[in-house]
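Thanks for coming. I have one structure to go through today, so let me put it on the screen.

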Amino acid sequence: MNHSPRLVQVRQNILKRNDLAARELRARFRGAGTYVISLVSSPGAGKTLLLEKLLGLMGQLHRVAALVGDLATDNDARRLARSGVPVRQIVTGTVCHPEAEMVTSALEGWPDEPPEFLFIESVGNLVCPSSFDLGEDLRIVLFAVTEGEDKPLKYPTIFNTADLALITKTDLAAAAEFDLVAAHRSIQSVRPGMEIFQVSAKTGAGMEDWLRFIESRRSAAFASPVSPP
Ligand SMILES: Nc1nc2c(ncn2[C@@H]2O[C@H](COP(=O)(O)OP(=O)(O)OP(=O)(O)O)[C@@H](O)[C@H]2O)c(=O)[nH]1
Ligand SMILES: [Mg+2]
């Protein structure tokens, strides 16, 4: 790509500002005992349905809240609010990813009590969200069986900036002739050793395992001594 020097400079400044805001958010979440999980994927890979099911499972056990980013509409926030947990929509307008400052604004006076888990659903996009730290502890990249096994090879950056991959819509794997072995190989070739879970939010398959995993990650995060700033 042929960026002019001024555009490159503006982009660097935006990223730097975002990193500072993300650092403040991370310190604030740590102090409040909030474990933050962001979800990134292409549009329609199943982030909202997964969260709808997960919030339903978790709402009884933990204090949970969710932020959801979209360019327009509050459709996803309305879907998630049905689970009964506090939910806020971040409308990003023309911006193809949520930014840390948008998270800070969304958290003003909300929720009443700091949640144990905060989920942030990103804008459906496999490119822009990869550069923006939101102060999260765990970034999850979702990859649906209907997208083709080679997506990790085509969009390596989002896989490289995520901590965990979820292969979603496994109930459609046979119909889509999805090759799970090839998909695992694609992910591992981009990000060797990356942990991968397979889930279907529709049938619930794999959801309990994944839920146990994130609960154990939160316990581990808050059990470890807080390092000095
Ligand atoms: N069969 C099947 N369909 C699913 C599954 N998860 C999501 N879907 C369907 O896939 C479509 C998109 O799901 P969403 O949860 O809205 O996807 P999203 O990633 O939140 O989409 P954006 O927010 O627009 O990026 C919907 O029609 C869902 O019902 C699944 O596990 N199995
Ligand atoms: Mg969604």
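Leu67 stands opposite Arg88 in strand S3. That strand covers residues 87-91 and runs parallel to strand S2, residues 64-70, with 5 bridges joining the two. Strands are taken as paired if DSSP finds at least two bridges between them. The elements themselves are DSSP runs numbered from the N terminus, helices being H or I with at least four residues and strands being E with at least two. Between S2 and S3 the chain passes through helix H3, and this β-α-β crossover is right-handed. Right-handed here means that, with the strands pointing away from the viewer, the path from the first strand over the helix to the second runs clockwise.

Before I go on, the conventions. This is a predicted model, in which local features need pLDDT of at least 70 and side-chain atom pairs count only at pLDDT 80 or more, while totals for chains, interfaces and linings use all residues. Residues are numbered from 1 along each chain as its sequence is written, chains are lettered from A and ligands numbered from 1 in the order in which they are written, and side-chain values use heavy atoms, with hydrogens and water left out.

In the loop between S2 and H3 sits Thr73. Its phi is near 75°, a positive value in a residue other than glycine.

Now the ligand. Which residues come nearest to ligand 1? They are Lys47, Thr48, Leu49, Arg79 and Asp171, out of 19 around it; near means a heavy atom within 4 Å. By class, the shell holds 5 nonpolar, 6 polar and 8 charged residues.

A polar side-chain atom of Thr48 is 2.7 Å from an oxygen atom of ligand 1. A polar backbone atom of Ala201 lies 3.0 Å from a ligand 1 oxygen, and for a backbone N or O atom of Lys202 the distance to a ligand oxygen is 3.3 Å. The protein buries 76% of the 650 Å² that ligand 1 exposes when taken alone, using the Shrake-Rupley method with a 1.4 Å probe. Helix H2 (47-58) and helix H3 (75-81) each give two or more residues to the shell, and H2 gives the most, with 3.

Glu52 is in H2 and Arg79 in H3, 27 residues apart.

Key:
Polar contact = N/O pair within 3.5 Å; in protein donor to acceptor, adjacent residues only side chain to side chain. Nonpolar A, V, L, I, M, F, W, Y, C, P; charged D, E, K, R; others polar.
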